[in-house]
Amino acid sequence: MTASPVLGPTLMFQEAAEAGAAVARMLAANGPAFAALGAKLRAAPPAVIVTCARGSSDHAATYGKYLIETRTGIPVASAAPSVASVYAAPAVQGHALCIAISQSGRSPDLLATVAAQKAAGAHVVALVNDATSPLADTADTVIALSAGVERSVAATKSYIASLAALAALVAEWAEDDTLRRAVAGLPDALARSWALDWGSVGASLQNATNLFVIGRGLGLAVAQEAALKLKETCGLHAEAFSSAEVRHGPMAIVGSGFPIIAFATSDVIGDDVRAVAADFAARGARVSLADARTDGAGDPPALTADPAIEPILMIQSFYRMADALSRARGYNPDAPSHLSKVTRTL
Ligand SMILES: N[C@@H]1[C@@H](O)[C@H](O)[C@@H](COP(=O)(O)O)O[C@@H]1O
């Protein structure tokens, strides 16, 4: 099913390599916007937050959910776009904040959800890469992801810029100096993460057909994103689970030789990922554990940082591996089958 062999670095490789520069641009472009929005949210906290996104951007929303709920206590729920776009159900008036995340800002169902939220009085924040998109036009606050044009179908730098934008927003909202410093250090830390060698993960998946990707808490979003990338670019059936959720049934199929990638942050929630990884390894599963507690000394290596940004660093290393694995398996990661860059769903 593959396209012709790729000569030279792929767009996916080039764009993922630019993620640190993209984050630096995004932070420079939006400093006052983060501060103003943070102050507004402190002065008048929303009753609820609704996220609106698809695909990789929806995984970024998962990251935002954990970060916002753990730092502010405000519930964050993911909107099912069909409720607005197909069922045409109106949203109830409330003190909602709607966070829409999108690379293109053009999918009709996303726009319908945002319109419904706006009609119900929500303040709409758009994290969007295409600042000329209809989503940017509609939003009350626009955070330009500033990742630059992304041409590879597989989103990379725009995903990382979305996570970084969420971290920057929450750092301002919660006036959290530790998180502010961690966010400011992201461009350098991303460059170091890009240099890490995840070749052992690629080797373990070279002839695989399926796998689980495990994370928990702030690490779940990158497990979801990794699973999507492995399907999209490597022809692998990968499913993401939290390390708790996987025990409620799915782990029945984890036996000898079953491949697992696990993303463990260095904090206490990472302990549960480390525990499930150890359980699965004891059954003979082929476990690749990215453990941020090892500060680059594990295999695959993962850097120790603020636990809120460790997932962003791990996915940066993962992207480089996924690009290489895709090519090694005979695929072109820039041109996944049956997909185009802008997906428009109703
Ligand atoms: N995050 C959303 C979910 O909240 C939603 O349930 C799902 C299906 O949405 P739809 O009903 O529009 O197909 O899409 C995304 O994954």
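**The ligand and its surroundings**

Author: In this predicted model, a polar side-chain atom of aspartate 58 lies 2.7 Å from a nitrogen atom of the ligand. A nitrogen atom of the ligand is also found 2.6 Å from an N or O atom in the side chain of serine 78. Arginine 54 contributes through its side chain as well, with an N or O atom 2.8 Å from an oxygen atom of the ligand. On its own the ligand has 390 Å² of accessible area, and the protein covers 58% of it.

The residues around the ligand comprise Arg54 and Asp58, together with Ser78, Ala79, Ala80, Pro81 and Ser82. Sorted by class, this shell holds two charged, two polar and three nonpolar residues.

Where the two domains meet, domain 1 supplies 26 residues to the contact and domain 2 supplies 23 residues.

An unreviewed UniProt entry lists "domain: SIS" for residues 37–179 and 201–336. The span 37–179 is 46% helix and 17% strand, and its end C-alpha atoms lie 16 Å apart. For residues 201–336 the figures are 40% helix and 18% strand, with the end C-alpha atoms 21 Å apart.

Definitions and conventions
Residues numbered from 1 in each chain as written. Predicted model: local features only at pLDDT ≥ 70, side-chain atom pairs only at ≥ 80, totals over all residues. Heavy atoms only, no water. Near = heavy atom within 4 Å. Polar contact = N/O pair within 3.5 Å; in protein donor to acceptor, adjacent residues only side chain to side chain. Areas by Shrake-Rupley, 256 points an atom, 1.4 Å probe, with all protein chains shown as cover. Nonpolar A, V, L, I, M, F, W, Y, C, P; charged D, E, K, R; others polar. UniProt positions renumbered as here; feature names shortened; annotations may be inferred. Helix = DSSP H or I, 4+ residues; strand = E, 2+ residues; numbered from the N terminus. Contact = heavy atoms within 4.5 Å.
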